[in-house]
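Morning, everyone. Please have the model up on your screens while I talk.

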Amino acid sequence: MNLILFTFIVLLGFTSYYFGRKKAYTIQSTKKRLTALPQFYGYYLAIWCAIPAFIIFSLWAIFEPTIVKLLVLSDYSNQGYLDDELNLIYEKTKALSRGQFTGEITPFIEASAEKYLSLRSIAQSSKVVIVLSAIIASVAYAYKRISSNSRTREPVEKFLKAVLFTASLAAILTTVGIVFSLIFQTIDFFKVIPLFDFVFGTHWYPAKAFVRDSSEALDPSMYSDTFGAVPIFAGTFFIAFIAMCVAIPIGLMSGIYLAEYASYKVRQYAKPLIEILAGIPTVVYGFFAALTVGPFLKELGTSMGLEVSAESALAAGGVMGIMIIPFISSLSDDVITSVPQSLRDGSYAMGATKSETIKRVIFPAALPGIVGSILLGVSRAIGETMIVVMASGLAANLTLNPLESTSTITAQIVVILIGDQAFGDPKTQAAFALGMSLFLVTLCLNIVALRVVKKYREKYE
Amino acid sequence: MIKIKAKDVDVFYGKKQALFNISLDIEENQVTALIGPSGCGKSTFLRCLNRMNDVIDICSVKGEILINDFNINDKSCDVVRLREKIGMVFQKPNPFPKTLYENVSYGPTIHGIAQSKQEMDEIVETSLKKAALWEEVKDRLHEPGTGLSGGQQQRLCIARAISVRPEVILMDEPCSALDPIATAQIEELIDELKKEHTIIIVTHSMAQAARVSQNTGFFHLGQLIEHGSTDKIFKNPDNKKTQDYITGRFG
């Protein structure tokens, strides 16, 4: 029903566009000069159609359920029901009206279900009538108003601006919403687990919290030595470090090769090929690390008499590094290419060779941008989940041996949130606390990276 | 005395020929101006003299260019040494985004000219003095070269070029991005520099060519139409095209 109404309103919008433009053409044919192009008159009318429809739809969506509920439940007032019981009655009524109620049907509920249905149909038909009449009234008003010298261009431009603003606002509000949901859960978590224990504790063993029977009272003392985040922070930075040890040299050198040495033809093919690496889903990298690189390292280690865990930090970090190569290579290629040719010419004309020019002129000039690309790579490494979950294990060892397995913040969040969750439980909230710390770390890195890149831009543009 | 002798130089960009059979002698310790309308090949010719066209992939150069009787287009020519001998100043000032000191010491460093810090200081000071920039910048040698005004930047580029004591300095429209006062300073400088260096300058300004040069070559559509002493070219050219260009009838 709503879909049909919506389609009809869209059709009305097109019709008003058509009429608006037609009127403009008619005015034009009388040799009067219009203040705007004819299609602006059309858009103007279409907006007059869209705005009332949008307002009425939103009002209905906000108020209809509340009003219907009030009316249905008015039968039960003065009978001494509690709020919770009233809510239950209302849910039963709705379920019955949908034909999904399986319990015992009392005559009371049957009566309210009928009332509910009739109220809904009244609401629906009045919505149709009100929307359509409002649209027709507003379009007719606007249609009469437009003349050769009426202003249509400004309202249309303003409307477009408002639409675009709303779109960007939606993105921003989502971010804010996510941050807030993290913040509240994190605060709850730190009410049970002291911040000090979380930040400086060296023992991370959330499984201990899994055994708690949720009917038992919450006893903070049983969580001591459970949520010490040092091992997983250390693991996160350690694996990120291994990844950057792979990604920075290879990425940077391939970026320099592409920007300075590769001929146009090589570049044309090599650059997209490297960028394909960025398009591989991380889960594929994950099983590459877990099933190919991990066992290979283990065998290699065993043949050299080293003890290598099948799920080693080295395997996860190394494969993560390969994943990050295209980011660094592509971004540094871009910044190196944007160093002005005049600087290269100046250096060559002084008799500098290609490598001297790169080392002494181009690299220093591009350095801020390169640092920016590296920082973006680091924040990706820290946020990467799948590879670690699959290839580096889930035991949070506090170790600096790349051949042992360690775990990261992201992997632990996965461990905690897989399966059935009890919200309001410290072990679930621990995931939010971890998410919050991860968010703060990557946020700081991104801010620094963007600052650095911006500073670089100011220099050449 | 002849410093540079170009014989039958052809330049191609891909399949398109940009210069046709250029033969030109350049006198030592004089200023030679190359004039002509835009796209006539004068800058291309200039860039042949220090093999800067090597940088452009699709560019190929044929013919002989003898500098001190040595053909620089020969395979045995070491481009690094050649460019040490032949300095270049570009149309747009292009100081490196480094300090003034590092800008001037760049050439001596890569060619290993200075043996000590003291020697390097001296080279930087003399180069800046010769480029008439020393007095203005001596207190801020360790500030970035990009912070100078356009005219100062161009003089910094000249200081950078002369820091390795080149025998020849190529100038590709060195004043086209500068105001008249900065232009006058550079022109004065060119006059001074010709005592120690051979200078070849590409310019769009007829007046500038007449003011600074002793010899002039006129290029048109990739051909060297006429060359000779500046006096003769400007007062009594042999070719009608030269006459037309100089009097401003085309170009």
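First, the ground rules. This is a predicted model: local features need pLDDT of at least 70, side-chain atom pairs count only at pLDDT 80 or more, and totals for chains, interfaces and linings use all residues. Residues are numbered from 1 along each chain as its sequence is written, while chains are lettered from A and ligands numbered from 1 in the order in which they are written.

Start with chain A. It is divided into domain 1 (2-150), domain 2 (152-182) and domain 3 (223-460). Those bounds come from an automatic or database domain assignment. Domains 2 and 3 of chain A have C-alpha centres 33 Å apart.

Now the chain contact. On chain B, 19 residues are in contact with 16 residues of chain A. Contact here means C-beta atoms, placed from the backbone, within 7 Å. On the chain B side, α2 (79-85) and α3 (100-110) each supply at least two residues. Helices are DSSP runs of H or I, at least four residues, and strands are runs of E, at least two, numbered from the N terminus. What is that side of chain B made of? It has 9 nonpolar, 4 polar and 6 charged residues. Ala, Val, Leu, Ile, Met, Phe, Trp, Tyr, Cys and Pro count as nonpolar, Asp, Glu, Lys and Arg as charged, and the others, Gly among them, as polar.

Next, the cores. A nonpolar core is a set of buried Ala, Val, Leu, Ile, Met, Phe, Trp, Tyr and Cys residues joined through C-beta atoms within 7 Å. Buried means 20 or more other C-beta atoms within 10 Å of the residue's own, exposed means 12 or fewer, and partly exposed is in between. The largest core has 144 residues. Ala289(A), Ala316(A), Val319(A), Ile387(A) and Ile200(B) touch the most other members. Apart from that core lies another, of 17 residues, including Leu45(A) and Trp48(A).

Look at Ile387(A). It sits in helix α14 (residues 386-391) of chain A. Why is Ile387(A) classed as buried? Because 31 other C-beta atoms lie within 10 Å of Ile387(A). Beyond four places in sequence, its contacts include Thr282(A), Tyr285(A) and Ala289(A). Ala289(A) in turn touches Gly294(A), Ala315(A) and Met390(A), among others.

Now a helix pair. Helices α8 (residues 230-261) and α11 (residues 313-337) of chain A pack at about 35 degrees, with axes 5 Å apart. Axes are lines fitted to C-alpha atoms, over the stretch in contact for helices, and angles run from 0 to 180 degrees between N-to-C directions. The α8(A)/α11(A) crossing is right-handed: the near helix is turned clockwise from the far one by less than a right angle. Their contact has 23 nonpolar, 9 polar and 2 charged residues.

Last, some single residues. Leu11(A) is in helix α1 (residues 2-29) of chain A. Asn29(B) lies in the loop between β2 (16-27) and β3 (31-35) of chain B. Ala132(B) lies in the loop between α4 (117-130) and α5 (134-137) of chain B. Asn29(B) is partly exposed, with 15 C-beta neighbours inside 10 Å. Ala132(B) is also partly exposed, with 18.

That's the tour.

Terms used: Contact = placed C-beta atoms within 7 Å.
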